[in-house]
Amino acid sequence: MTESTISKSYKRNEDPRLLTGNGNYIDDIEIPGMLHVAIKRSDYAHAKINKIDTEEAKKMPGVVAVYTAEDLGDYWRPGPLQVPPPTVIKGSIFHARPLECIAKNKIRFSGEPVAVVVAESRYIAEDALDYIYLDIEPLEYVGDLEKSLDPGAPLIHEDLESNLSADVRQEVGSWEKAVAEADLVVKKRIVTKHVAGGAIENRGIVIQWDDSFKVLNVWATTQGPVPMRNSIAKYLGLMENQVRVMNPDIGGGFGPKIMSSQIDDVVIPWIAMKLKKPIKWVEDRRENFLGTTSERDQVHYAEIALKKDGTILGVKDEFYHNTGAYNPYGMTVPLNTQTHVISNYNIPNYFTRIIMVFTNQMVVTPVRGAGRSHGIFVMERLLDAAAKELGMDPIEIRRKNILPPESMPFRTGVIGQDFVESVLDSGDYPGALEKTLEAIEYEKFKKEIQPKLRAEGKHKGIGVIMFTEGTAVGPYEGAKVMVGVTGKVNVVCAYSNQGQGHYTTFAQVAANQLGVDIKDIEVVIGDTGQWQWGVGAFASRGMTLVGTAIHNAAVKVREKALNLASKILETPKEELELADGVVRIADLPEKFISLGELAMRANPTRGTVEEGMEPGLEAASYYGPPHGATGYGCLGLILDVDPETAKVKIERLVIADDCGTNINPMIVDGQIHGGLQMGIGEAFYENLVYDDYGQLVTASFMDYLFPQATDMPAKFEIKHIVTPSPLNPLGIKGIGEAGAICVPACFMQALEDAFEGMDLDITDSFMSPGKLYHYVQKAKGA
Amino acid sequence: MTQKVKVAITVNGTLYEREVEPRLLLSDFIRHDLGLKGTHVGCEHGLCGSCTVLIDGLSSRSCTLFAVMVDGSDIKTVESLGTMEKMHPIQEAFQEKHALQCGFCTPGFLMTTVEFLEGNPNPTAEEAREAIDGNFCRCTGYENIVEAVQLAAKKMAAD
Amino acid sequence: MKIEGTHVFNGPREDVWDMFYDPNVLASALPGAQKMEMVKEDEYKFDMNVRVGPVSGAFTGEMQLENVVKPDSLTLKGGGKGAPGFLNGIGNVKFKEQEDNTTLMEYEGEVNIGGALASVGQRMIDSVAKSMIRTGFETLDKALAARLAAKETGAEAVEFKAPTEAQFAKEVAKDMVKMENWSAETKLVLYIVPVIAVIILLAFILKSCGA
């Protein structure tokens, strides 16, 4: 066996292509005769539609067709429910209201599509939007999560009794018992804010109906090609193999691109079939802000019950979750919140309740972090508040309650987004905490540095918090590994890649079994024409699930190659080795057969075969874990705050993280960096704001502050801990969301520390410079 | 239809004479009229920097310019750098430092870096960070890009 | 959004009210106004160009006057829409006689805007609104002075020159620069005075003249 290809920082296979302008993104696809789509969106947040007049737009030169919900006739229907209701949780209520991908009779959020223009060019299509006239009756806007359930609140879905979208309660132990035994109960109202996915590439779709072969080719920026393929097939009455969904290169995903059942994949395919012409739609930035999905809007009423010595007896968390105007993505986000509130600590009694409400805002679906950061924020803020009440150091209260390594695997008793009990599979949580404290020199900062700075009137604060990252959830993924007649290897799956480096890491996993250069492994991702089954890129599950499937398939291919070579070389299998693209006799290296030759021989064209023989040097495999693998870590921040301008400089950022085996450590670090950037954005820069009438007033990068290079610390200091997950043969856990989960809680703790004595009492996950200034002034009593 | 206007624009050393609508964006001209797809459009309002190209040597946002405004100019896009087989030192540095993930914003960063290193062939990390501050990247957290810019400077000095 | 404010006109209340009922005054005092016409008594239609930062386009709208108590007070209701979005508003205006022969105008109202105007133009609205109010009132002050002068001399023609759109744009730019130096209170006031609110309010006030 040659050297292992696992845990090595290979340069990425995909980079030369992407660096030289040879990437192929959705807007790069050109098909002769292609038409272009622009979407008319509602300016109103809540309104009754009387009439949509498209006559003038239709008459414009270059406009091919204009469609409203009316024009769709019998085809019009709400999109599919992408994630089913949580029936596994007893007593849960869920009112499914999937997206109406083009509004009929009623508008439920500003930015909701009301008409589609198809034209010879994008310019003409956009011109025509101005000549579509809406006759509507505005209705009262519902935007406040808590008031949305008031008895008199206007109904967003009139067939429901209220704007309640779901109500899910879970309890482990007894919160009442915890309160009865507690010396102290601390209560907080905690708010998490609305942020965007913010991929630099917007969404898009290209559809080509091949009328002679009756095949629909779809190129889409989707994070879930197979579910999209299935829903398109179902809506159009086609078989799965008549719809081929392909991912081009995708310019970032971060969650919102998982969302299908929108106008692009429900309505545009129907139009393409009707017109028998290829059609392209690429979203613009304002549409992305208005109409694509976003996340993080919750209001928590949280309580923690403790003993005098800081031991946690229980936690209660009832929270409102904003799902927007529809709930096509089910309960994924708030269920993640429920499982992540209890995160790293021993909490014997836990009551949690989701009150999910409809509002006249864009639909809420996962954004990197997806409910987890809210849970972590609530728990860590509660601990900080409790520590303050008890006069304890924030680190001490964490040390007191943290789960020890011997408690692993730890069953939380709470059902998660994957509809199975959340289990913390492995790890050394105290180790992560101590490693971070040591690296950031917590004691020294607190005891030596900070007192001096305070004496000089400077405001520097330190924060250290723990987090878990539920990753790699089921149900399953699959892949096929094939050795070609050239000796090169092909790995195919229908996952989706938005920059995670799968072209390299998947190749590393296959190469590890097949003894070929990773550059000789071609990875195909996201093509339902080449691989038919899978779920999609979410919950940091690609490397673990697809990677394990590839590993398992490659092991089979290796066996096949060795068995065949054993026959050809007339040598027992045990005496053979597979390396450098050949199978050779270990003691007689000059006697070998190449993998390419074996591949050729694996498809015999004359003679007979043994019963059960499977041709080709290929194998497919599926992998589904019993439950997700849980990453975890600890974040430390030192913030330097200028009290006059409220400018915050991140002086140090130390993160200890355990994502099990690092297939490619360079790529793992890259994932952590990117996540941290989003976390910093969430804490201090990014916020989607609706005004009192449901208008999104942050629908451009002029108002939605995107974190830039100088907003970052000079260095992300990463400390790795590697506890291989016991759930899969390579020991992998996910890593995509770690950084995005942990920053706000730590940021607020550090800000409070920077102004110790002023009691800032921050309960909001978003703190802009303007708000911080206000907090400081208020705390000063100014 | 609007009357078309004749333009003569040199892109990556080739002179293109075309008739364009006055409202045609330079980014669309480059991408769709000339088929140079390496220049990407991320925001259409001049903020994200994915569409950055060099116009007569100066980095510019091609999404907020009309093609007619650069009539007679010399434009360089990412395609003017290296090829997949033989990359430019800046491209090599981006690969070695893992300074790209999805790659969508990358051409803009590369063109910004080309201009920056011409003026500052040996930048500090702080200067490199400042130089790329106007380009948005959602994947990398920028640290590896800063390092790549510095590594590129070293590579170019060695060449 | 709520808007409110006051302005002192240097003239008697009857003259101020009359001025407001002169249809020529409105269109000139309102930058971008293209056309105003009476549909029926106390009901008008207007066309205007709106430009707020990167968002611009033609608006058509209508408004009604209610509770007209000459020369004391009135209520304005209405809205408009166009490619850049929509606006709706309601406002109350009072004219109060003051001892020094001037007239105090008090206005308060509520306006909402939507579409690109809100989602993209929002950040520019404060400065544009401020300029609109200021130039609008400046124009009216001049118009009133001209009218009073004409009244004194008995002349028929009332001479006064309204600002052009270009002049207005220049004023907006100036105000945006100045904004940096304004006091916190001024800024706070501006944050609750969106441009469109003012456009409508001014339009309504001025238009009340038509009858």
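Why is helix α9 (residues 332-341) of chain A largely enclosed by the rest of the structure? Ten of the ten residues of this helix are buried, so the rest of the structure largely encloses it. A residue is called buried if 20 or more other C-beta atoms lie within 10 Å of its own, exposed if 12 or fewer do, and partly exposed in between, with C-beta atoms placed from the backbone. The buried set runs from Thr332(A) to Val341(A), and includes Pro334(A), Asn336(A) and His340(A). Just after α9(A), Ser343(A) adopts a positive phi of about 25°. Helices (H or I, at least four residues) and strands (E, at least two) are DSSP runs, numbered from the N terminus.

The model is a predicted one, in which local features need pLDDT of at least 70 and side-chain atom pairs count only at pLDDT 80 or more, while totals for chains, interfaces and linings use all residues. Residues are numbered from 1 along each chain as its sequence is written, and chains are lettered from A and ligands numbered from 1 in the order in which they are written.

Turning to the domains, chain A is divided into domain 1 (35-160), domain 2 (203-282), domain 3 (294-473 + 626-780) and domain 4 (474-623), with bounds from an automatic or database domain assignment. The C-alpha centres of domains 2 and 3 of chain A lie 36 Å apart. Six residues of domain 2 of chain A are in contact with seven of domain 3 of chain A, where contact means that the C-beta atoms of two residues, placed from the backbone, lie within 7 Å. On the domain 2 side, four of these residues are nonpolar, two polar and none charged. Here Ala, Val, Leu, Ile, Met, Phe, Trp, Tyr, Cys and Pro count as nonpolar, Asp, Glu, Lys and Arg as charged, and the others, Gly among them, as polar.

Chains B and C, in turn, are joined by no contact, and their closest C-alpha atoms lie 9 Å apart.

Finally, Asn687(A) sits in the loop between α17 and β31 (717-720) of chain A. Asn687(A) counts as buried because it has 21 C-beta neighbours inside 10 Å. Residues that Asn687(A) touches include Lys193(A), Thr698(A) and Phe766(A). The C-alpha atoms of Asn687(A) and Phe766(A) are separated by 7.4 Å, although the two residues are 79 apart along the chain.

Definitions and conventions:
Lists of a residue's contacts leave out its neighbours within four places in sequence.
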